[in-house]
Amino acid sequence: MEEKSKELVVRKIERGTVIDHIPVGQALNVIKLLGIKGGEGYTVAVVMNVDSRKHGKKDIVKVEGKELSEAEVNRIALVAPEATINLIQDFEVVKKTTVRLPERLQGMVRCTNPSCITNKPREPVTPTFRVLSRSPLLLLCEYCGTRVSQEDVIKQYAG
Amino acid sequence: MFKGRDVLSILDFSVSELEHLFRRASAIRPGNGLRGKILATAFFEPSTRTRLSFETAMLKLGGSVIGFGGEEATSLAKGENLADTVRMLDAYADAIVIRHPLEGAAKLAAEVAEVPVINGGDGKQHHPTQAMVDLYTIRKEMGKIKGLRVALVGDLRYGRAATSFLYGICKFGVEKLFLVSPPSLKPREEVLEFLRSSGVEHELTEDLGRVVEEVEVMYVTRIQKERFPDPSEFEKVKGSYKITVELAEKMNKGAIILHPLPKVDEIELGVDKNEHARYFQQAAYAVPVRMALLSLILKGR
């Protein structure tokens, strides 16, 4: 679970989502991938570099009032391949999901090569990547061989 | 192992499969082995050798050819997408050769078509049958492929023939590979990464004069003007390397100069008559290699 230390850095939330076990330094990227810019009305807490029982240190993101869609859960795996997603109701964890980064990614990321066939409109083709590295993320386009970095992926979601 | 197979990248073929192809290419003679078979050539980019040598190969084996070159005369000009065009050719022909300016177009075509698809060049990425011709030329002219000292000269960034040749020659194993280009035309990162992980000894350099004296095979390519995102970048590297008669004369005895053609000014005209020049022979070998490939894919033998 989250911080088991004597006192919590950030209070418990009543309803929403806690994204736990984020690699240190990736909390802001998780927020970017979720498209949260600050004006959406959620209360967001970012906890960075706290002790973890599983790993040495970790980041945590709490979003009060938001439940994640399946697509959003999958997206988090792009920067936090071992994150756990806790759905909170009445201050209690009611559902725990572990994200999964598959070996092949289909449709979640666009190829950065403008002359890749997957960027041509009106062709029946889904961008497909082989995962070369999970952390930091490195993808290989199966159509044109271009390498797409974690930075490229975050840019696609954060605009 | 070849029948019904797509030919998308030289990386999909093992050394023993390529050796098998080369033995077939050496032995193949004109005949009627492909009578009743139709090859569709779909060329969305200009081509002389690739298209015409595929056509020649098909005709020499008794088969027929349909197809087009350039988008203008087809429904592409009316806005049809690639997938629909390929579906039509799939219904008409027994195999499709496709050339397209976008990387991955041949892979998409292969997904859409039931019949085998041969990549005749997709953007800057792959040109597998050119690599087959290049390797076959080395086998014929040098008697072996493995263990040579090889230089790749020119546009190694945008040149698909250069990239496919590099992948192919590394499969066979070279003693050393020299990559000679201006810094802005050195191989793309994914190609350099392939080289690093392949363990092939290689050196990136601009010093053509030194490399010329070190190698047994010198593979020269044209600067791919049409693939430069910015024309001013092309102006900067235009004419940055040239194989002159003087340079050719410094080559080792028995060394050869290859070029996938078309060449413009990267090889001085006088070199054409030099004892080391083999690029016209290389272009001629395209016919038996493509005959063998078509026969293997369509008939399995």
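Me: What makes Met218(B) the bridge partner of Ala151(B), and how do you know that the strands holding them pair?

Reply: In this predicted model, Ala151(B) has its bridge partner, Met218(B), in β8(B). Strands are DSSP runs of E with at least two residues, numbered from the N terminus, and two of them pair if DSSP finds at least two bridges between them. Strand β5 (residues 149-153) of chain B and β8(B) have four bridges in the parallel sense, so they meet that definition of pairing.

Me: What is the bridge partner of Met218(B) in β9(B)?

Reply: That partner is Ile257(B), and β8(B) and strand β9 (residues 256-258) of chain B pair in the parallel sense over three bridges.

Me: Why are both faces of strand β8 of chain B called covered?

Reply: Val217(B) and Tyr219(B) on one side, and Met218(B) and Val220(B) on the other, are all buried, where buried means under 20% relative accessible area (1.4 Å probe, protein chains only). In a regular strand the side chains alternate between the two faces of the sheet.

Me: How many residues of chain B are in contact with chain A?

Reply: Counting heavy atoms within 4.5 Å as contact, 17 residues of chain B touch 15 residues of chain A.

Me: How do you know which residues and values count?

Reply: Residues are numbered from 1 along each chain as its sequence is written, and chains are lettered from A and ligands numbered from 1 in the order in which they are written. Local features need pLDDT of at least 70 and side-chain atom pairs pLDDT 80 or more, while totals for chains, interfaces and linings use all residues, and side-chain values use heavy atoms, without hydrogens and water.

Key
Buried < 20%, exposed > 50% of the residue type's maximum accessible area, 1.4 Å probe, protein only.
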